[in-house]
Amino acid sequence: MTFDETTDAYYQKFFADTARTTECLKSAQSQLEAITKALFNAWIGRQQVFLIGNGGSASTATHFAADLVKTVVSNMGCPGIAAISLADNIPLASALVNDWGKGSLFVEQLRTFYAPGDILIAFSVHGGSGSDKDGAWSQNLLQAIQYVKDNGGITIGFSGFDGGVMKTMCHHCVVVPAESTPLVESMHVLLAHLITFRLKELINQYE
């Protein structure tokens, strides 16, 4: 095959996989609406929402946190959702990992900031399953999820592949049915935008 032929095949496969995955996600509508309602109730009750993730998923957590604070409201003077990404404070994150180990990254921040009734949202491609050179993946996420569950909060997960541990561990978990890291991460951003703009509609109606 020529370079042009392999390029065309690559793009066509990516778009086909994306379309197929999007179609499969229609079955997650009830979960997505449950997540949206939980976040809407947090806005009404002024509960905090904490977001976590590693690698590319950390950037998704930051992006979603920004949307929950600002994009869900239309007018200046209207408070957004009190959302914080726990991957964003680099000095704090590096101190925790350096002094107490990578597992402490999120749970130790929650010990300071979390209050009963708050929400934790975790993004993970594999949902805590699998491993690499440094051991099992995403154990810092699982520790944080367990902490919030043990202390009266709501846990929300976005995963991929087979869902991993997060699929059964979280109160609500949407699993992107794809075995491709870039596709799962892309779909997590898409779903975060879906929830953001559904929340914007609900908050506009409530104001």
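This is a predicted model: local features need pLDDT of at least 70, side-chain atom pairs count only at pLDDT 80 or more; totals for chains, interfaces and linings use all residues.
**Entry 1**

I began with the strand order. Five strands make an open sheet, ordered β2-β1-β3-β6-β7. Their pairing is parallel. Which strands sit at the edges? I found β2 (82-85) and β7 (172-176) there, each pairing on one side only. From one strand to the next, the twist averages 15°.

I then looked at one pair within the sheet. Strand β1 (residues 48-53) and strand β3 (residues 119-123) run parallel and are joined by five bridges. I checked F50 and found L120 of β3 opposite.

**Entry 1: helices on the sheet**

Next I asked which strands helix α3 touches. Helix α3 (residues 56-71) packs on the sheet and touches β1, β2 and β3. The direction of α3 makes about 160° with that of β1.

Helix α8 lies across β3, β6 (154-160) and β7. Relative to β6, α8 runs at about 140°.

**Entry 2: α2 against α8**

I turned to the helix pair. Helix α2 covers residues 29-45 and helix α8 covers residues 181-206. Their axes come within 10 Å and cross at roughly 50°. That angle is why I note α2 as oblique to α8. The crossing of α2 past α8 is right-handed.

Which residues make the contact? From α2 I listed L32, E33, I35, T36, L39, F40, W43 and I44. From α8 I listed L191, L194, I195, R198, L199, L202, I203 and Y206. I sorted the contact by class: 13 residues are nonpolar, one is polar and two are charged.

I finished with the backbone of two loop residues. Most residues other than glycine have a negative phi, so I noted the exceptions.

R46 has a phi near 60°, which is positive although the residue is not glycine. Where is R46? I placed R46 in the loop between α2 and β1. Buried or exposed, or in between, for R46? Its relative accessibility is 45%, so R46 counts as partly exposed.

F161 also has a positive phi, near 50°, and is a residue other than glycine. I found F161 in the loop between β6 and α7 (166-169). The relative accessibility of F161 is 24% and therefore F161 counts as partly exposed. The cut-off for buried is under 20%.

Definitions and conventions:
Residues are numbered from 1 along each chain as its sequence is written. Side-chain values use heavy atoms; hydrogens and water are left out. Axes are lines fitted to C-alpha atoms, for helices over the stretch in contact, and angles run from 0 to 180 degrees between N-to-C directions. Helices (H or I, at least four residues) and strands (E, at least two) are DSSP runs, numbered from the N terminus. Angles under 35 degrees count as roughly parallel, over 145 as roughly antiparallel, 65 to 115 as roughly perpendicular and the rest as oblique. A crossing is left-handed if the near helix is turned anticlockwise from the far one by less than a right angle, and right-handed if clockwise. Contact means heavy atoms within 4.5 Å. Ala, Val, Leu, Ile, Met, Phe, Trp, Tyr, Cys and Pro count as nonpolar, Asp, Glu, Lys and Arg as charged, and the others, Gly among them, as polar. Two strands pair if DSSP finds at least two bridges between them. Buried means under 20% relative accessible area, exposed over 50%, partly exposed in between (1.4 Å probe, protein chains only).
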